[in-house]
Amino acid sequence: MTQIDPKWQEEIAKRRTFAIISHPDAGKTTMTEKLLYYGGAIREAGMVKGRKNSKHATSDWMEIEKKRGISVTSSAMDFVYKDHHINILDTPGHQDFSEDTYRTLTAADAAVMIIDVAKGVEAQTIKLFKVCRMRGIPIFTFINKLDRHGKDPFELLEELERVLGIRSYPMNWPIGMGSYFNGVYDRVKSRVELYEEGGNHEEIKFFEVNGPEDPLIGQRVGEDLWQQLQDEISLLDVAGDSFDPELISKGELTPVFFGSAINNFGVQTFLDNFLAMAPAPSPKKSNIGPIDPYTRPFSGFVFKIQANMNPAHRDRVAFLRICSGRFERGMTVKHVRLNREIKLAQPLQFMAQDREIVEESFAGDVIGLFDPGIFQIGDTLCVGESFEYEEMPHFSPEFFSKVTVKDAMKHKQFQKGIMQLTEEGTVQLFRTSPMDELILGVVGVLQFEVLEYRLKAEYGVDISLQRLPYQIARWLEGDKATINTLMNRSQTVKDRYERPVMLFESEYQLRMAQEKYPSITFHESSLGL
Ligand code: G4P
């Protein structure tokens with residue numbers, strides 16, 4: 001094993017790489033802005049691309065998106081805060097929700113889950129949460145918008161457990177809510193952080209107390225709220241989970257924070273605690289065993305490919321998560337799948353505002369590589385001994401369409417276009433077994449339009465899409481004979497790697513199949529298959 005420079009090891013140990021998971025409108029953009037603001041990465045909050053009403057047309061990479069006002073940047077933003085180098089991986093969440101969003105989570109070492117206090121756990125959060133769960137990464141919860149009236153905090157904790165199956169440990173506890181919101185009681189530091197309506201909360205205003213029974217609290221927030229706080233904290237102490245760093249690191253217990261991102265309230269406390277608990281890059285699985293980020297030279301994997309970020313050039317950018325060692329601009333690395341050396345001349349790093357050429361990066365960071373068509377999702381790049389990181393999983397699409405080319409003369413371009421665009425990974429391609437028909441599956445329905453548009457614009461091919469009634473895909477594993485019988489059914493297809501996949505119209509249908517074929521496991525993603 002190569003011994004690498006201790007200075008590099010120090011740099012790697014500073015890295016904290018996470019993604020935010022939430023349902024649209026919970027406050028992901030607002031939170032990202034505030035976090036970047038603390039890191040000094042942006043001059044004023046309100047500059048992050050990705051806002052719905054954004055004027056940052058430069059990031060819109062396709063007409064279709066301009067029309068809809070969606071901006072796709074979905075990469076990584078980094079900033080330095082209290083001697084930590086933090087990478088926030090962007091998870092597209094609105095109409096541009098796609099499989100990329102899931103895949104980004106495979107490049108994160110931790111997740112921050114933002115929940116709207118009034119809405120609780122919502123659909124998209126559940127989906128993203130499941131992926132984090134599969135990977136066993138720690139999940140930190142921020143319950144947002146406490147300046148508005150919302151659900152009872154106990155009800156929210158109960159929802160986390162019932163809907164997501166995760167236990168929780170509230171690090172702080174709200175004192176009132178909505179127009180009665182006075183702040184939070186910090187259970188760790190035993191202090192009250194004060195919320196002031198209209199305040200900027202750039203500096204935390206707090207007073208230390210001797211537990212929730214301290215009369216100082218009553219003097220400040222009033223008898224009723226003080227009494228309520230005492231009752232609630234004693235209930236938490238008795239009936240709630242204990243703080244357990246081991247369970248937190250495995251993603252089985254989530255530390256919960258209450259706050260109001262738009263008012264900057266609770267954000268710094270969240271960030272400080274997050275940094276204390278979130279992991280630095282850790283070893284990642286490969287076909288030669290775990291790869292240690294500190295002692296191995298440079299390696300990483302492509303988790304996302306994005307086309308045409310700059311409409312003036314039809315370039316693609318492959319996003320690489322560095323998993324070990326140090327990267328230096330111009331270095332020559334091995335592209336393992338192609339078994340060839342490539343020079344990484346102009347790697348990009350993505351800031352809140354612009355992309356810029358990166359000279360040096362470390363395990364934990366994300367860089368963008370210009371892609372002349374040589375990268376696929378899941379490709380490993382490395383220096384020294386050759387190996388491959390685990391295959392990038394596929395996740396169940398939710399919308400399916402049969403696709404055919406309108407002009408049979410264009411069949412060749414059609415095949416080429418479909419292959420290239422499915423390699424980028426936002427659309428999954430399946431084939432029916434007897435007829436060899438092509439079925440496309442997407443996580444967000446907009447991807448069909450994107451595909452149609454791009455096949456026309458980039459390959460000159462018109463396609464017909466016929467929506468199919470399926471909503472669920474399951475990768476089949478188990479008894480070969482049973483799988484072979486199932487392959488004769490129109491709802492059983494093969495994915496790009498010839499793995500058998502069954503499509504269902506409803507959860508009910510899926511359950512029926514599970515009962516009927518107990519020798520088969522129906523996997524929600526191709527992870528580990
Ligand atoms: P998203 O990226 O998760 O979709 O959410 P985003 O941050 O865009 O926030 C969604 C809406 O919720 C925004 O309002 C935002 O201002 C608001 N919001 C975020 N955090 C808080 C909070 O702590 N308290 C309250 N009351 N509102 C919050 P909008 O009207 O949709 O957009 P905008 O006009 O404010 O940009």
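This is a predicted model: local features need pLDDT of at least 70, side-chain atom pairs count only at pLDDT 80 or more; totals for chains, interfaces and linings use all residues.
Two strands count as paired here if DSSP finds at least two bridges between them. With that cut-off in hand, take strand 26, residues 472-478, and strand 29: they pair in the antiparallel sense over four bridges. One of the contacts to look for on screen is at Gly-478, whose bridge partner in strand 29 is Ile-520. Helix 14, residues 507-516, packs on the sheet there and touches strand 26, strand 28 (500-504) and strand 29. The direction of helix 14 makes about 130 degrees with that of strand 28.

Eight strands form an open sheet, and reading across, the order is 25-22-24-23-27-28-26-29. The pairing is antiparallel. Which strands are the edge strands? They are strand 25, residues 463-468, and strand 29, residues 520-523, and each pairs on one side only. From one strand to the next, the twist averages 40 degrees.

Helix 11 lies across strand 22 (399-405), strand 23 (428-432) and strand 24 (438-442). Relative to strand 23, helix 11 runs at about 125 degrees.

Last, the chain overall. How many helices and strands does the chain have? There are 14 helices and 29 strands. The chain has 529 residues, of which 45% count as buried. As for contacts between residues at least 6 apart in sequence, 70% join residues at least 24 apart.

Key:
Residues are numbered from 1 along each chain as its sequence is written. Helices (H or I, at least four residues) and strands (E, at least two) are DSSP runs, numbered from the N terminus. A residue is buried if 20 or more other C-beta atoms lie within 10 Å of its own, exposed if 12 or fewer, and partly exposed in between; C-beta atoms are placed from the backbone. Two residues are in contact if their C-beta atoms, placed from the backbone, lie within 7 Å. Axes are lines fitted to C-alpha atoms, for helices over the stretch in contact, and angles run from 0 to 180 degrees between N-to-C directions.
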